[in-house]
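Student: Please take one part of this model and go through it closely. I would like the interface between the two chains.

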Amino acid sequence: MFRHTTFRYLVLAILGAGALFQAFSAGYFGLEVLIEILILAILVLALDMVAGFGGMVSLCHGALMGLGAYAYAMLSSIVGLPPLAALVGAMAIVGALAWIIGAICARSHGIYFIMATLAFGQMAYSYIFQTPIFGGDDGMGGITRPDLSAIGIDLNDSRSFALFCLAGLVLAYLAAVAVLRSGLGRSLCGIHHSEERMRALGLTVWRVKADIFGLSGLITGFAGALAAMHVMYISPGLLDWTVSGEALVVVILGGLGTLVGPLVGAVAFVILKHELSAVTPYWHLVVGVVLIVVVLSRANGIFGWLEARIGARRIFPTHAAVKKVPNDA
Amino acid sequence: MLELANVNSGYGETQVLHGMSFTARQGRVLAILGRNGAGKSTTLKTVMGLLPTQKGSILLDGMSMATTPHAIANSGIAYVPETRDIFPSLSVRENLELTARRFSGDWTLDRVLALFPRLGERLDNGGTQLSGGEQQMLAIARALLMNPRLLILDEPTEGLAPIIVQLIHDKLQELKDAGLSMILVEQNFGFATSLADDVVVVGKGQIVWEGSANEIRADDAIQHRWLGV
């Protein structure tokens with residue numbers, strides 16, 4: 001189950017301070033990079049909930065994010081809902097779809113689960129690509145950002161939008177922590193350890209998996225809506241399975257099942273991408289090498305490696321573990 | 001209370017139980033004894049729906065029992081497996097709350113902590129920080145929080161120090177005195193027969209002897225033939 005430690009708080013504080021410094025000091029390009037990191041961080045946070053804590057390695061989270069973007073665009077541009085209502089609506093739609101996908105895939109495991117989620121993702125991609133109302137290959141433009149002028153915030157300004165995304169990431173993180181620390185999160189933890197045992201304890205395993213997948217979808221839909229607001233244009237490429245694959249790479253790069261690790265992974269991945277792509281068009285190769293080194297080092301990603309060495313993981317209180325006991329029980 | 005009639009079961013194509021039949025009665029403790037590989041744990045897993053019943057029937061209070069593990073658990077049967085299956089990333093409190101929040105009845109968190117005070121000292125510790133005895137206490141406590149009508153225990157003393165075996169015995173005796181029905185699979189002959197009212201001996205996947213605990217304690221021939229005691 002997820003627990004905060006001093007080291008995790010420290011890393012979160014460093015990441016938060018870095019994001020704020022970047023938001024207030026960077027120029028236009030720096031802010032665009034920051035927004036990209038923040039939106040990717042929300043996506044990988046949602047993916048880590050299911051993959052890291054539930055063992056449900058999903059290859060449809062990219063498609064869910066894309067659906068969030070399209071749902072936001074449709075609700076705000078075609079239906080005419082106010083952007084904030086469209087944002088909530090997009091989250092609800094993606095959350096509901098993710099719940100259904102989770103419920104259907106819950107009985108499969110390992111490679112079969114991955115393939116089933118990939119199939120759902122590709123179905124969503126094909127549907128969006130081939131349905132004229134979504135603009136087909138041309139995508140959809142003219143997407144607006146929420147109007148917060150009533151409280152003196154202009155989200156069309158990159159700095160304000162970056163801070164809006166940062167606030168969104170904080171909320172998404174707090175929501176993920178709340179879910180993982182709830183009874184539902186504990187049940188998920190038990191299921192990840194032993195589905196059979198949890199069934200014998202009277203738990204409806206598929207329902208827990210579906211609920212967590214739905215909540216993860218809710219957060220993914222939020223990332224999708226922010227992605228649509230960010231570029232103000234969306235295309236079916238957002239739903240491509242490679243987006244899911246990239247998100248999975250970021251989670252593994254940062255540290256699976258740590259919630260903080262994927263945030264570190266998002267920062268490392270986007271910075272690597274931008275820095276390396278300026279030097280070589282083969283930046284994917286370098287990211288691939290980094291990923292292979294991380295995987296072969298058997299550390300749990302960059303954050304896991306740091307936590308094992310610097311953080312000296314103290315998930316449970318050690319003083320109680322050595323408390324004097326009257327016999328050798 | 002629980003009746004198995006001509007039950008066949010096993011792992012995939014390997015059949016382990018061959019017409020297993022016995023009855024566990026309300027308010028009594030039934031011990032299932034037998035040598036390694038006789039089919040004792042397979043019997044419990046079949047009762048809990050963790051292995052499919054290939055043939056025969058399992059009745060609970062005269063009615064056909066549910067076949068899925070969660071439905072069986074919700075019908076009032078709690079199972080403490082040989083492996084204990086303590087969730088290592090959850091604390092003791094969280095392991096207990098996993099069942100406490102879904103079942104209601106006489107067994108509450110306070111009551112199980114009164115039965116196992118040691119767990120009260122370990123509430124914030126993780127599952128991996130517990131000794132074998134503490135893990136067994138936690139596994140039993142977690143099962144009790146399901147407020148079961150029937151408690152099934154698979155090898156509750158395996159790997160435990162003698163002083164802890166005595167402690168577990170005393171706690172199970174308390175549960176028996178309180179009227180809880182139990183089925184116990186156990187290699188420790190003395191432990192099992194001092195706790196049980198009824199005994200069945202399993203050999204090659206079927207019942208080869210049944211009677212009272214007093215009878216088997218007095219019958220050296222049966223002990224030697226089927227248990228190697």
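Tutor: Here is the interface, from overall extent to individual contacts. This is a predicted model: local features need pLDDT of at least 70, side-chain atom pairs count only at pLDDT 80 or more, and totals for chains, interfaces and linings use all residues. Residues are numbered from 1 along each chain as its sequence is written, chains are lettered from A and ligands numbered from 1 in the order in which they are written, and side-chain values use heavy atoms, with hydrogens and water left out.

Start with extent. Chain B puts 37 residues in contact with 29 residues of chain A (heavy atoms within 4.5 Å). The two chains bury about 2900 Å² between them, 57% of it on carbon and sulfur atoms. Buried area is the accessible area (1.4 Å probe) that two parts lose on being put together, summed over both. His70(B), Phe87(B) and Arg118(B) supply 17% of the area that chain B buries against chain A, more than any other three residues.

Three salt bridges link chain B and chain A (a side-chain nitrogen of Lys or Arg within 4 Å of a carboxyl oxygen of Asp or Glu). One of them joins Asp85(B) to Arg197(A), at 3.8 Å, N to O.

Finally, composition. The side of chain B that touches chain A has 16 nonpolar, nine polar and twelve charged residues. Here Ala, Val, Leu, Ile, Met, Phe, Trp, Tyr, Cys and Pro count as nonpolar, Asp, Glu, Lys and Arg as charged, and the others, Gly among them, as polar.
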